Every structure is written in C-alpha cells, then in structure tokens.
Amino acid sequence: MNLRGKAYIAGIHEHPTRKAEGITLAQIHAESAVGALADAGLTMADVDGYFCAGDAPGLGPLSMIEYMGLNNLTHVDSTDTGGSSYVIHVGHALEAIALGKCSVALITLAGRPRAEGMATGTAPRVYAADAPDVGFEAVYGPTVVNMYAMAAMRHRHQYGTTAEQLAWVKVAASHHAQHNEHAMLRKVVTVEDVVNSPMISDPLHRLDCCVISDGGGAIVVVSPEVAKSLGDRAVKILGHGEAVKHLNAGTIDITYTGGAISGPRAYEEAGVLPGDIKYASIYDSFTITVVETIEDLGFCPRGEGGAFVSDGNLIAGQGKLPFNTDGGGLCNNHPGNRGGLTKVLEAVRQVRGEAHPAVQVANCDLALAHGTGGSIATRMGSSTVILGRADA
Amino acid sequence: MSAAKTYMDPPINDESRAYWDGANDGKLLLKRCGDCGKTHFYPRVVCPHCQSSATEWYEASGDGTVYSYSVMRRSEIPFVIAYVTLAEGVTMMTNIVDCDPDAVAIDQAVKVTFKDSEGGQSIPMFTPA
C-alpha cells in the first residue's frame, strides 16, 4: 500500500534548552508539544493521536497523555527504537492517518542527560538486564563510543576510510552550527582540529562524537484535509521506510546500517531517487554514522562514503549534499541521546524555506531525514522519511 | 600502581547457564541446531536459523581472527573491545587481553583464554595466537 502524500507535517518545535536545570522531563515534552501545535495553528484539544518513545516518563505514553491533558485520543503508539523512534513515529502516524485512526498526531521527545551528569558515550550502560544478549556483551565493556568505533575500524579496513575523511563530517556540521544561536558548539572547526582532538576509542576522536545535550522537540502530523485547512506551510510526507538490523546469529557486517533497507523502501514509496534529494538530515551520533548512512542511502557507492563527505561536500552552498544545516547532533543538539526527531525538524525547515538564510538550500522541494537508533555495531532501528512541498 | 582491570559478573539465566558453567571448566561452548546443523551466536534454545528447539551445546576450537576492535582510551584502564570470528564461523563480542593494545589488528589470529569476573565467574576472552 503506497501512502505517498496521505499525511503532512503541519507543525514543529525545537525546545531551546540545552541544559535543563530546573526543568523536568515532562515539562520539556509538554512545552515542545505546545510549541509544535501553535506552529501548526492547532491546540491540544485537536490532537487525536499521540506518539512517544522510551524517553517519555512513565509507562509508555500514559503519564504524558495525562500530564498534557490529552482527552480526545483515538490512537497511541510508544514504539521505541532508540534515537530513530521519532522518524518511525512519523511513518506510523502516516499509516494511522491513512487508515483513518486519527487525523492530528502529536510526536514528542525530551531528555536531560546533561543536567543529570550522564557519561553518555563512555560509561557502560545496560539498557535491560533481562535482554537475552546482555550476558554475552556487557561483561566486555561495550559503550556507545567503542561500539561505533569498531564500525569505523572495520570500515577503514575494508574501504580505506581515513580519520581525515571522517573529520570532514564534523567540519561541515560546524560550518552550519555557527549560524544556529541555540547550537551547543558554534565554533567552526578544521580537519586538523578533529584529528588532533583526544582519542576516545580508536579511531574516533572527541570531535568525532556528538554533543551530550538536554532538550526536546515535537512534530504534528495531520491528514491532507486538516493540512488544507491550515494554510500552505504544511510539508507533504512522500515516503517512509523502517528496518531493524541486528547481528544475525553471529554472521555480522557492521560496515553498513539498517538505512540500506529503510532507504530504498522510502525512495520507492516517494517515487524518487537519491540524486533527486536536495537536502538530507542524517543521524550523526558519530562521524562514522554519517559516512555509513550516506552509502546506505545511495548517495554514493558502497565504500566511497569517506571520499564523498570530503572537501566540504556536505556544506550548504558548497557541496553536492547539504546535510544537517542546524549543526546536527555533532554541534547543535542531541536531546536525550536521541537525535531522530531533530533530524525531521531541520528537514521540515528546509522544505518550508525557513532554515537560517546562510544555510537554506535554494529551491528545496525534496528533503530526506534519517534516524539511527541503538548501535550500528550490534542491533539498531533505522528509519527514513522523504518530505516535499505540498505540491510535490 | 593502578589496579588490574575488573570485569562485571554476567547476568546468567536458564538459557545461558551451561555456557557459563562451561567457561568455568575452561571451555568455550557454542550452540548448534540438531535440525538445520547451523551454529549460531549468542547461544539460545530456539535456533534463529530454523526456529527448532533441538539445539545442542558443543565445544569450540577456541581459534579465531579479529573482525574488528577498538582501544577504549576513556577508561581508568584502557582496554580492547573486539569482535572475533571463530573457526566455527560465528562472530562474538569479546576483549583482546594479555597483549599490547596498540599491536592488535584486524585479521590477527587469536585464541580463547579466560578471565575471572569480580564474583569469580570465568569469562571467555581472546589473546594473540
């Protein structure tokens, strides 16, 4: 069933906080929701679908529904695939709306790891002690960063991807972040800055890693009828794909991500090709995440991601594929260690022509947003959405 | 002098107990399916290849090669995390120990060894062959 154009993104909001001292998790969810609904020209009373992931406090969606005073819901979904959850939620909202289960779907995200002093990337974390894989992994000290580092190491081994090539991803993000007043890191950096920053887990340096930030955001997805009633700012959802990739019984390949599966599904639904995309928001937990994903999404042949991202090719106004023009997770924001929602936000801004003028892509009628959740070196959820103008 | 690296106790359940008991006996155990004949990792009762519950334990050779690795520097004691592809064909997460971390390389031949966890459970690790 092709759902191209069966729903629109009518409102977005990115919470401005980057260090949420004195602000609770529930409050960030609710303030983000209020902001996105106001952006759409809607209110909480209009919402009949609510979507959240594991960052929402309480059991699934229940506590946040109560906190925000949602009383007209006909559909809920608390799918959690880590940072990619919110890109999946956009797709699931598209499905629910197409089936008539709801017509105004609210998606929220919030996190405050920075205020809580969390060593996100370098401290071992056991997500669920009863997960069947935990005993065979946790004893060896896997952290977020050393897992992605193993992917980078293998990619280097198979394809010759260098530290300097990875660094170009961060350089491009920093060029964009200088224009974002809310970005955590606004200083433009060079390839030398990245490769000379402290080694965290070979071959990833400190500047290959995303920021640890607080914050949140929200997205309002609506039916074509509701979109029409709200004016002409709504962005059409043209295609969606989702996938879970895992270690497959021990026959592993960590040089590609689930984007190799979710991307083609989204392109097929949208009826477009990678070369048609004018702007891409690509999950950037680490520089290697971007290099692998760019290959997976067909922007270059497998193994050539390192060369593709080099020499400013991801910088708006310079390169062939402007990416993460808000500064992305590497420089702007990675709320709650879950960067999928903010990827959708900047893609919507680009299609609306509301990105910062210094990074706005000319005639941006087709944009892509991609989320990665979990770990590219073990099991991950991947999701791709393709967005276009209302007349697309 | 800094203390030696310590290892957490693995959570053990009814499906994994034999694996950890085997490690305490100095054996790296794998699971093979009695129906489809394929080995899988991590070991489980239900075969992920054919969904049969007729899976059986057997002892691995202990030989493998490094598929990928990383030296974790942001740790009180830097350590090498790795994926090792066993001679039996499956790849497992592990640590490379008892060697210079900077001398580890992809495709390097390694063999199983064992380290005790804080609670005395033996854990399979690998060291250069």
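Analyst: The account below begins with the domains, passes to the core and ends with the contact between the chains.

This is a predicted model, in which local features need pLDDT of at least 70 and side-chain atom pairs count only at pLDDT 80 or more, while totals for chains, interfaces and linings use all residues. Residues are numbered from 1 along each chain as its sequence is written, and chains are lettered from A and ligands numbered from 1 in the order in which they are written.

Chain A is divided into domain 1 (8-115 + 214-235) and domain 2 (142-212 + 239-388), with bounds that come from an automatic or database domain assignment. Taken over C-alpha atoms, the centres of these two domains are separated by 23 Å. Their contact takes 30 residues from domain 1 and 33 residues from domain 2, two residues being in contact if their C-beta atoms, placed from the backbone, lie within 7 Å. On the side of domain 1 that touches domain 2, at least two residues each come from β1 (8-14), α3 (85-98), β4 (104-111) and β7 (215-222) of chain A; α3(A) gives the most, with seven residues. Helices (H or I, at least four residues) and strands (E, at least two) are DSSP runs, numbered from the N terminus. By class, this side of domain 1 has 14 nonpolar, 10 polar and six charged residues. Here Ala, Val, Leu, Ile, Met, Phe, Trp, Tyr, Cys and Pro count as nonpolar, Asp, Glu, Lys and Arg as charged, and the others, Gly among them, as polar.

The largest nonpolar core has 158 residues. Such a core is a set of buried Ala, Val, Leu, Ile, Met, Phe, Trp, Tyr and Cys residues joined through C-beta atoms within 7 Å, where buried means that 20 or more other C-beta atoms lie within 10 Å of the residue's own. α4(A) gives the most to this core, with nine residues. Both domains of chain A give residues to the core, so it lies between them. Tyr148(A), Ile219(A), Val221(A) and Leu387(A) have the most contacts inside it. Leaving aside neighbours within four places in sequence, Val221(A) is in contact with Ala7(A), Ile9(A), Val90(A), Ala93(A), Leu94(A), Ile97(A), Ala105(A) and Ile107(A).

Between the chains, 28 residues of chain A are in contact with 33 residues of chain B. α4 (144-159) and β5 (199-201) of chain A each supply at least two residues of the side that touches chain B, and α4(A) gives the most, with six residues.

Terms used:
A residue is buried if 20 or more other C-beta atoms lie within 10 Å of its own, exposed if 12 or fewer, and partly exposed in between; C-beta atoms are placed from the backbone.
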